[in-house]
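Dear colleague,

Please find below the structure that I am handing over to you. My notes on what was found in it follow directly after it.

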Amino acid sequence: MPPAEGINSTNESVYSADVIRRVPRVWLPAVALLLLISGAFLFHYQRAELSRYEEIGRHNVGVQGEIIRRELQLIREDIRFLSYHSAVVSRVESNRSSGAAERELRLFAETHPVYSQVRLIGLDGLEVVRVNRRDGAVSLTPEADLQQKSSRYYVQATFNLEPAEVYFSPFDLNVEHGTIESPWNPTVRAGTPVYGEEGSLLGMIVLNYSGEHLLNRLREATPSNTGGVYLIDGDGYYLEAPDSDQSWGAQFGLTPTFLQNHAEAFEEFSGESGQYSDDEAIYTYVNISSGLDRDGLEPHLVLSVVSVISNSEI
């Protein structure tokens, strides 16, 4: 009997050792497969999340870019209408006031509150008719208060245009008598020449478009829960930023600029639109310009709408 017990003990030991040797062969492949499946799932999840945020960026700048393009097109239509108006043409052609141009331009200003100024300017750069809108009230400027604008860049640029072409100034804070208006009056100036029936240049129409109207529309379209959406100029200065202290940096010499904060990304902002990613964020942009880029038309409107979604949000 004792020998039998020894044999059984030996058999059990051999069996146990064999089981122990076989266990890794069974569970190690299973664990490896599980890890592989988990890794693949995590990769695809992260890729899906990244794609989702990339699409959010494209949507955000796409919506705002379209808002800006539509507003610019409406300005083009308005200013061309005025430049061909018989009362306007007659006023600068005859250099005499019958009151018709003044009435028409004032009526236009009253029915188009997006413009803070409507001006008819003569060949010498002197304002012929000027209508102002301030705090909702529209008024015609007395003749004694009309200003000489021949030295202003937008006047010089507009005189270089062909019929029906429209010049858009950079988007900035309006300046009156050499000083930035207070409270701030963000403005885009649009200019188009006025030609007579025989093709002679007579003067120009200049509209001061209220940038606050545009900014309010952009703010309404800006999501509050995903990254930041910035409006910047062609030199990389902030025009509208989540941190208002950075806005209108070009006129106040504020730093850092968007270019300084995101130099590598800014250099990639070429073409009409695109997307760029680095170790910090996903940058999605839409570039918008006046469509007129030739000698004699500088400076002109150049804007970029940029969505920045940091990697820490993803």
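Is Arg58 buried, partly exposed or exposed? Arg58 is partly exposed, because its relative accessible area is 40%. Here buried means under 20% relative accessible area, exposed means over 50%, and partly exposed lies in between (1.4 Å probe, protein chains only).

Please note that this is a predicted model, in which local features need pLDDT of at least 70 and side-chain atom pairs count only at pLDDT 80 or more, while totals for chains, interfaces and linings use all residues. Residues are numbered from 1 along each chain as its sequence is written, and side-chain values use heavy atoms, with hydrogens and water left out.

Salt bridges

A search of the whole structure finds 12 salt bridges, a salt bridge being a side-chain nitrogen of Lys or Arg within 4 Å of a carboxyl oxygen of Asp or Glu.

Helices (H or I, at least four residues) and strands (E, at least two) are DSSP runs, numbered from the N terminus. Glu55 is partly exposed, since its relative accessible area is 43%.

Helix α1 also holds Arg70 and Glu66, which are 4 residues apart, about one turn of the helix. These two form a salt bridge in which the closest N and O atoms are 3.2 Å apart. Arg70 counts as exposed because its relative accessibility is 53%, whereas Glu66 is partly exposed at 34%.

A further salt bridge links Arg130 with Glu127, again with the closest N and O atoms 3.2 Å apart. Arg130 counts as buried at 6% relative accessibility, and Glu127 is buried with a relative accessible area of 1%. Together with Arg119, Glu127 and Arg130 are linked in a network of salt bridges.

Buried faces of helices

In helix α5 (residues 211–220), the residues Gly211, Leu214, Leu215 and Leu218 are buried. They are on the same side of α5 because they cover an arc of only 95 degrees around the axis, the arc being that of the directions from the helix axis to the C-beta atoms. In helix α2 (residues 86–94), the buried residues are Ala87, Val88, Val89, Arg91 and Val92. Just after α2, Asn95 takes a positive phi of about 60 degrees.

Backbone features

In general, most residues other than glycine have a negative phi, and most peptide bonds are trans. Asp135, although not a glycine, has a positive phi of about 55 degrees. Its place is in the loop between β2 (127–134) and β3 (137–140), and Asp135 counts as exposed at 80% relative accessibility. Ala164 likewise has a positive phi, near 75 degrees. Ala164 is placed in the loop between α4 (153–158) and β4 (167–168) and counts as partly exposed at 27% relative accessibility.

A cis peptide bond, with omega about 0 degrees, joins Ser182 and Pro183; Pro183 is found in the loop between β7 (179–180) and β8. The peptide bond from Thr255 to Pro256 is also cis, with omega near 0 degrees, and Pro256 sits in the loop between α6 (249–252) and α7 (258–261).

Separations between C-alpha atoms

Arg189 lies in strand β8 (residues 186–195) and counts as buried at 1% relative accessibility. Its C-alpha atom is separated by 8.0 Å from that of Tyr167, 22 residues apart along the chain. Asp78, in helix α1, counts as buried at 17% relative accessibility. The C-alpha atoms of Asp78 and His112, 34 residues apart along the chain, are separated by 9.3 Å. Asp235 is placed in the loop between β10 (228–233) and β11 (238–240) and is exposed, with a relative accessible area of 57%. The C-alpha atoms of Asp235 and Thr257 are separated by 8.9 Å, the two residues being 22 residues apart along the chain.

With kind regards
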